[in-house]
Amino acid sequence: MTMLQDLHDFDLEQATVNFWVFKRYTKGMPPEPKYTGKWVSLDNELKLALKSTAAAFKAALTETLEYGLLAENNQSSALTIPQDETHAAKLVAESHDQTPAKRVSEMKELANAEFYLVKFSSTRGNLYCVRKTDSTWKTKKRAGAIHTFFKSKTLKLDEAPSFHIAKDFDIAVLEDTIFIKHKPSFESILSHKAAHQEDFSELLAQADFQALFTTTDVVSAYVGTNAMQLRRASAIKMKGHYLDVRFMGNLRREYANFGLNIPFQADGKIAPTPESCPDIFKALLDHRLKSHFSEKIYDVQNTADTGI
């Protein structure tokens, strides 16, 4: 039986439903995520709505792909990763501590939750479905608006805070597998950006990459902890164009003709500056192209070898 089949076969109809809200903070060096969770009672209508949402989530998935730093899925697929390669066990453990002390008793305990977890429990185990919260959960966002509702053909003031629950989930955890539908949320909730940072550290440590530059300090500062730049650095490492002598020779000869600001030195090394780093990354990603027909220059986000 496949992992996806296990997900499809999970019995939601007979499952009990528990709802947890979580806040997250980081601690220590390297930063380690810590989670604090509280559970809240639900009425039967909301429990049925959550079951319906979970059923739609799993029914929509027709295939799985292995998670990778650059892997992407679509609406009918999920990325998968073993639970023990993430911090998901912390959420699972927290949701097992359903004691009176962990129960939400005041509205303020729900405010500013970063994400919520719905735990579906059946005789065969538990399914955990997780979703990042939207702006309705944020105190500052609510304070900046007048909240209303429409009833009896009249718009009325709504003084009671409301919290939106989406009709979809970002990730689901079943046994040892995490099913990822929305990758950025997964990486945010489980602090998986650390994997990109590790990948970048490995790139900076490579002698061949260091040999491109007079110093890699500027490149390191340019990337920092920015998620987009970390993903681009991972793509540079995966593509490995900087290891190709022919590619780098062409780049040194042609960079100016392609409108790239890359400060090559007489010895062929690059002396990176904060201003030149964006163009250096475009070049190493092979994202600066020139049309043979119009002779116009373009930046592209994705390239593929057509074999022509």
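Analyst: Let us begin with one residue and its neighbours, where contact means heavy atoms within 4.5 Å. Leaving out residues up to four places away in sequence, F179 touches M3, L4, L7, F57, T64, A78, L79, T80, D170, I171, A172 and L174. This is a predicted model, in which local features need pLDDT of at least 70, side-chain atom pairs count only at pLDDT 80 or more, and totals for chains, interfaces and linings use all residues. Residues are numbered from 1 along each chain as its sequence is written, and side-chain values use heavy atoms, with hydrogens and water left out.

User: Is F179 buried or exposed, and in which element is F179 found?

Analyst: Buried means under 20% relative accessible area, exposed over 50%, and partly exposed in between, with a 1.4 Å probe and protein chains only. F179 is buried, with a relative accessible area of 1%, and is found in strand 10, where strands (E, at least two residues) and helices (H or I, at least four) are DSSP runs numbered from the N terminus. The C-alpha atoms of F179 and S234 are separated by 22 Å, with the two residues 55 apart along the chain.

User: How many residues does the largest nonpolar core have, and which of them have the most contacts inside it?

Analyst: A nonpolar core is a set of buried Ala, Val, Leu, Ile, Met, Phe, Trp, Tyr and Cys residues joined through side-chain atoms within 4.5 Å. Here the largest one has 29 residues, and F19, V21, V118, F120, L127 and W137 have the most contacts inside it. At least two residues of this core come from each of helix 1 (3-9), strand 1 (16-27), helix 2 (44-59), strand 5 (115-122), strand 6 (125-132) and strand 9 (171-174). A second, separate core of 26 residues includes L230, F247, I262 and C277.

User: Which residues of helix 11 are buried, and what do they pack against?

Analyst: In helix 11 (residues 277-285), seven of the nine residues are buried, namely C277, D279, I280, F281, A283, L284 and L285. These buried residues pack against helix 7 (207-210), helix 8 (217-223), helix 9 (227-239), helix 10 (245-254) and strand 11 (288-290).

User: How is a pair of packed helices described?

Analyst: Two packed helices are described by the angle between their axes and the distance between the axes. The axes are lines fitted to C-alpha atoms, for helices over the stretch in contact, and angles run from 0 to 180 degrees between N-to-C directions. For helix 9 and helix 11, the axes come within 9 Å and cross at roughly 35°. On the helix 9 side, Q229, R232, A233, A235, I236 and K239 meet F281, L284 and L285 of helix 11.
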